[in-house]
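Here is a short report for a first look. Take a moment with the sequence and the model before reading on.

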Amino acid sequence: MLAEVFAWLLTPASLDARRTGHLAAAVSLWSRARRCHADWSDHEARCHAVVDRAVEATARRRTCLVLGSGLMRDVSLPRLAAAFETVILVDVVHLWPIRLAARRHAGVRLVDLDITGTTDLLLGRATGIADVLARFRADPAIDLVISANCLSQLALLPVARSRKASALVRLRFPDLGRRIVEGHLEALRRFSARVCLLSDDEGLDLGPQGEILDRYDLLDGVRLPPADDDWDWTLAPLGEVARDRAIVHRAHGFADFHAADARFRSAG
């Protein structure tokens, strides 16, 4: 608990990131990742393997863009820094562990950005959702884009905050969660670079004997194409959130999201 308090106090973060709860969420995730290291190791290894395939298939390696970079546990920063001239890590908050790791590589840049484009909307400074990834799509040097296990998380804080926003926001965006998920996938489709997508889409609450207590959709009804690889991620083992309940997410990896999405659309 003390480590979390110090991380919250000492992490360079904007006032917006503190007001919207993104800093607190990042610190909480960092703390859980430390506690659940053993349970997350297979998930992280599977993610690394998908990213490795994407990197190997990327002929030109000038810039790699990582969206929802977080702590870079599911994506290897040393691997990307060795493969690309420049690596851009994009997230609302960059905690000290990743800031220190980034300093070890000359070509790594950190960009603080809410990739949902909803911050100004929810803080009353705009009336719509911003296209915040347009500036990256305009960069012809970006050869690989990685969406790093953020798709199912993007809408959580904005949806929670929207309940406290003005009636106009709630009226205009009653389906805010789904719009954020669909908006991120559409933004990925609009990149001309290769896109690697890591995402979970279904959650299960399991009892002590592995029985299913609850099953829930993580993407607000949005369907993903068939993936290159699928696996179960023990997000929270027994005792992490409750003594008699574990949380397992169904995870997927796309080394070439454009190709998977094209097949999915043509089949549908």
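## A buried aspartate

This is a predicted model. Asp229 has a relative accessibility of 19%. The cut-off for buried is under 20%, so Asp229 counts as buried.

Asp229 sits in strand S7. Its side chain makes a polar contact of 3.0 Å with the side chain of Arg46. What else does Asp229 touch, beyond its neighbours within four places in sequence? Besides Arg46, its contacts are Val50, Arg53, Ala251, His252 and Gly253.

## The largest pocket

The largest pocket holds about 1,000 Å³ of space. Its lining is made of 41 residues. Closest to the centre are Ala25, Ala26, Leu29, Asn149 and Gln153.

By type, the lining has 22 nonpolar residues, 12 polar ones and 7 charged ones.

Which elements each supply at least two residues of this lining? Three are helices: H3 (22-35), H4 (37-57) and H9 (156-162). H3 gives the largest share, with 7 residues.

## Helix H3

H3 has 14 residues. At 1.5 Å a residue, they should span 20 Å.

Which residues of H3 are buried? They are His22, Leu23, Ala26, Val27, Trp30, Ser31 and Ala33. One of them, Ala26, is also among the residues closest to the centre of the largest pocket.

Key. Residues numbered from 1 in each chain as written. Predicted model: local features only at pLDDT ≥ 70, side-chain atom pairs only at ≥ 80, totals over all residues. Heavy atoms only, no water. 1 Å grid on protein atoms, 1.4 Å probe; cavity = no way out; pocket = protein on both sides within 12 Å on 5 of 7 lines; lining within 4 Å. Points joined across faces, edges and corners; volume = space filled by probe spheres on them. Helix = DSSP H or I, 4+ residues; strand = E, 2+ residues; numbered from the N terminus. Nonpolar A, V, L, I, M, F, W, Y, C, P; charged D, E, K, R; others polar. Buried < 20%, exposed > 50% of the residue type's maximum accessible area, 1.4 Å probe, protein only. Polar contact = N/O pair within 3.5 Å; in protein donor to acceptor, adjacent residues only side chain to side chain. Contact = heavy atoms within 4.5 Å. Expected span 1.5 Å × (residues − 1).
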